[in-house]
Amino acid sequence: MPHTRNRNPSPIPEVTWDTGLKEMNETWKGAIACLGVAIFFVMTIGIIYWQVVDQPNKNWILKGSFSGLIWERRTQTLVIQTLTEDKTFAEIDVENVGNTDIEVPFVRNMCWLNKTEFCYTWDSVAEVKISLESEEDSDTECYSVTWTPIHCHVDLKDCFSMVNISWYGGASVHALNWPINDANISMQPFTVSDLRDNPSGFGSVLERYFLGSSGVSVLVAPNIPLHVGMESRQNFCLQTPPSMERMPLQYTVCVGHNIKAVHQESMQQLSTARRELPNMDVLRLPFWKLLANVDSGAKLERELRTFSNRLKRHHLGEGVISLDEHSTALLANMDHSYLNGKKRTSKRQTRDLPFVKLLNISITLSPYLSVDSQQFQTSIQTGIEDYWLSLPSGPQGRLVPMLTQWKGKYSVKLNITNPEATNWFLDKVDSLHSHLGMEYVILEGGEGNPFEEQALRPPLALVGDEYIRLLADLAEKIGDNTIVTSGTRSSHKPLFIRMSALQSDWSYSGLKGIIPSLLHHSLLGYNFFIPDAVGGSLSADLVADDELFVRWLGIAAFLPVISFQTPPWVFEKEWVLNLTRFYIAKHHDFVIPLILKYAEEWQDAGNPIYRPLWWLSPNDPITFTIDDEFLIGDEVLVAPVTEKGALQRDIYLPESDFQWQDTNNAQVFDGGTFLESYPVGLGDVPVFVRRRS
């Protein structure tokens, strides 16, 4: 009988396999799920830790041959440093990325295929594109930055830190300092204004160019609307106003091995046009402003005769007698028509000419015309109202001239975009020249935009400072004997520029502001300037302080032109007259040859004629803040007294392989020497010439 096997001898109950697997799967599924949640939690914590704690604070986003651009996420700044990170050129606070309290994570380059470009988009704010530009034979590297708003009404704003960097350039301001770090100006359109009417605005010489002592420059694109603000010793900010056009914020930051190198390279970008010299005869004679409170041309001629005789009696030589706009109008309205056609060929005919034609005079004109004048009434009657800035009015769009104020009178302003209007103005100048025979024409009144003053949108041809640029073109057509009172993008033109009037005191609004102003003008390319009158001319009153007059005269003697409003004889002191004669001769014999020499260098290379001390010692931090000394070229250092009552001053001679010799006493000093309490008499100005060791 076959043996029958017991199928389950074990005491363990028999279960089916599928039931066991089912129970086992449920258990493992739970365990795996818990493990997955744990892994996900750990990864999340890791990512958060990497983003917040472990991620590096700064990331290189572009690298050149010696410099690179870094994004610092915690401070939300772009930093340009050397690749060795031992020097910072600039720190740019990026205020375009939204809430500054929220850290912006590591930015990834969307243009990663191109090693010289960086692209990124901040959600709902703006796009940025930065291009690195470098040439093999250049000692500078440039970063072109373009911010483009994604939506309308987005403020684009970048701020450059002033901490540990001295900044120069931009625009002249009231009580100008050198450097500009102490300026405190609210955010406003970066356009030229008349500081007498708007003391908190930007003054007569302005360029979209800033230069830093670390070897950095900033050039802002010329064709975008721009606002600029400055917070004393903190930063200066560039901003494009919000608009429907979504205007970009564009600028270029260039870095070099020192401030001089980057400035020389940047000037080639700032002014690409050929530089032309103005009429250098302007240098040769002092300007004497005639203060004549008269109401007729005949009375004015008598004043001119008296003033001219006084210049001769006091042995002050020839000079240019400068007439203001009111005096110019009085002479222009006199009847000189009988002179037409006469030629100055004999002494008899010369005696027949009016006295004014025998003098060296400068006249003053402006693009303004009073609405009370006969000329304006005639223009309306003859239907040439488009000669003036106008607005369309009525259903037929007839032009109505815009009213504005000029020197306290309601006036209209020349439509400088109308060729017929500018030709009319040029004919007016030619007529005055035939009547008066003037040597020079001062063209003032370019500042201000009547459209923007009345909150109106100007035509495209007159946006921003376009009027000033076009007025410089008009001045150039008048001739190289023209003097303008404001400048922007016109430093290459053959024109002199008259500096703004200063107060008759010792502050930075007065005497202390002369040297910062001349360094500012020269740095921006405006080397041929006429400084304010000795003693200041902001007030029509004559200067009563003979010490202020003499110290001011000592500075003016080393500038391109000496200008007077207060004549020296009013002090009734022979020593003041003698000193005036001495410095007029010093200017003619010593200063003019230097200016002519370095004018050629400016024309060829763009180097300024008047230079800060860091020009010779670009790596010496001491030179970055000296605002009471200046260089003429590379060979003469002038260190005048600017403190009331002082008969000594501290003088720093910049480091070099040269020595410096005092022209007053022949003492010789090494470069890099600090002369403490150096004696300076009331009539003296310390002047040092550079000589080889």
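Colleague: What are the ground rules here?
Modeller: This is a predicted model, where local features need pLDDT of at least 70, side-chain atom pairs count only at pLDDT 80 or more, and totals for chains, interfaces and linings use all residues. Residues are numbered from 1 along each chain as its sequence is written, and side-chain values use heavy atoms, with hydrogens and water left out.

Colleague: What is the mean pLDDT of the chain?
Modeller: It is 89, and 87% of the residues reach 70 or more. pLDDT is the predictor's confidence in each residue, from 0 to 100.

Colleague: Where is the pLDDT below 50?
Modeller: Residues 1–22 are one such stretch. Beyond near neighbours in sequence, that stretch has 1 contact in the model. Contact means heavy atoms within 4.5 Å. Residues 48–54 also stay under 50. For these, the model has 9 contacts beyond four places in sequence.

Colleague: How should low pLDDT be read?
Modeller: Where pLDDT is low, the predicted coordinates should not be read in detail.

Colleague: OK, the fold. How many helices and strands?
Modeller: The chain has 12 helices and 36 strands. Both are DSSP runs numbered from the N terminus: helices are H or I with at least four residues, strands are E with at least two.

Colleague: What share of the residues is buried?
Modeller: Of 693 residues, 53% count as buried. Buried means under 20% relative accessible area, exposed over 50%, and partly exposed in between (1.4 Å probe, protein chains only).

Colleague: And what about contacts along the sequence?
Modeller: Take contacts between residues at least 6 apart in sequence. Of those, 65% join residues at least 24 apart.

Colleague: Switching to cysteines. How many disulfides?
Modeller: The count is 3, taking a disulfide as a pair of cysteine sulfur atoms within 2.5 Å. Counting bonded cysteines along the chain, the pattern is 1-2, 3-6, 4-5.

Colleague: What does Cys 111 pair with?
Modeller: Cys 119, with an S to S distance of 1.8 Å. The torsion about the S-S bond is -90°, and the link of Cys 111 and Cys 119 is left-handed.

Colleague: Why does Cys 111 count as buried?
Modeller: Because its relative accessibility is 17%. Cys 119 is buried too, at 12%.

Colleague: Next pair. Which cysteine joins Cys 142?
Modeller: Cys 254, at S to S 2.1 Å. That link is right-handed, with 105° about the S-S bond. Cys 142 lies in strand β7 (residues 140–149) and Cys 254 in strand β15 (residues 249–256), so the pair ties together parts 112 residues apart in sequence. Cys 142 and Cys 254 are both buried.

Colleague: And Cys 159, what is its partner?
Modeller: Cys 237, with the sulfur atoms 2.0 Å apart. Cys 159 is in strand β8 (residues 156–161) and Cys 237 in strand β14 (residues 235–240), so this pair links distant parts of the chain, 78 residues apart.

Colleague: Why is that one right-handed?
Modeller: Because the torsion about the S-S bond of Cys 159 and Cys 237 is about 105°. Cys 159 and Cys 237 are buried as well.

Colleague: Is Cys 152 buried or partly exposed?
Modeller: Cys 152 is partly exposed, with a relative accessible area of 31%.
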